[in-house]
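Welcome! Take a look at the sequence and the 3D view, then read on.

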Amino acid sequence: MAASSSNSGRGKGMVEGKKEAKEIQFNDELQLEFILDAGIVKDCELSLPYGVQLTNDKWNLFLPLLGFEETLIGFLKEEEDVREGIQVNVYDRGGHEFEMMLKKWVKDSNEFYVLNRGWFSFCNQHGLGQEDLIALRGFRHSITDMLSFVVTFRRMR
């Protein structure tokens, strides 16, 4: 794991939802400036935040197709095949980097995106578990051009 530093984002809006999701948006704005100040966000473009509540599966972060695809619009390149899986970097609010895989899965005729191969480490390091709320913002890394995400969270326990 590599480390970066800094803290508050300039993207606006949040997937409509619970009061807690709106509180995460406020906390996002206060804590994500580092990701822009560090110079790793290409053209200072962050996606709108996508909020989701965690399940009991700490190995995979399941992201419903509807809603999350809006987070990827403009960031996913045509040659990137999410059905095969693509390497992504995920940053926490402290600027620490986690390597993960983003895949598009079909299960029981439902389609969704999954972040794995590193999600377990992210959850363990941050003490995250079932029912905690997270918000993801997508961006392209200014140096590597890799699809990346910054994740903020609120513990509900």
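Which residue forms a salt bridge with Arg83? The partner is Glu111, with the closest N and O atoms 2.9 Å apart. Please keep in mind that this is a predicted model. The structure holds five salt bridges, and this briefing visits some of them. As a bit of background, side chains of opposite charge can pair when their charged atoms come close.

**The Glu111 and Arg83 pair**
- The salt bridge between Glu111 and Arg83 links distant parts of the chain, 28 residues apart.
- Glu111 sits in strand β5 (residues 110-116), while Arg83 is in the loop between α3 and β3.
- Glu111 is partly exposed, at 31% relative accessible area.
- Arg83 is also partly exposed, at 47%.

**The network around Asp145**
- Salt bridges with shared partners join Lys42, Lys77 and Asp145 into one network.
- Asp145 meets Lys77 in a salt bridge of 2.1 Å, N to O.
- Because Asp145 lies in the loop between β6 and β7 and Lys77 in the loop between α3 (65-72) and β3 (86-91), this pair ties together parts that are 68 residues apart in sequence.
- Asp145 also meets Lys42, with 3.0 Å from N to O.
- That pair links distant parts of the chain, 103 residues apart, with Lys42 in the loop between α2 (33-37) and β1 (50-53).

**Exposure of the two lysines**
- Lys42 counts as partly exposed, with a relative accessibility of 34%.
- Lys77 is partly exposed too, with a relative accessible area of 30%.

Definitions and conventions:
Residues numbered from 1 in each chain as written. Predicted model: local features only at pLDDT ≥ 70, side-chain atom pairs only at ≥ 80, totals over all residues. Heavy atoms only, no water. Salt bridge = Lys/Arg side-chain N within 4 Å of Asp/Glu carboxyl O. Helix = DSSP H or I, 4+ residues; strand = E, 2+ residues; numbered from the N terminus. Buried < 20%, exposed > 50% of the residue type's maximum accessible area, 1.4 Å probe, protein only.
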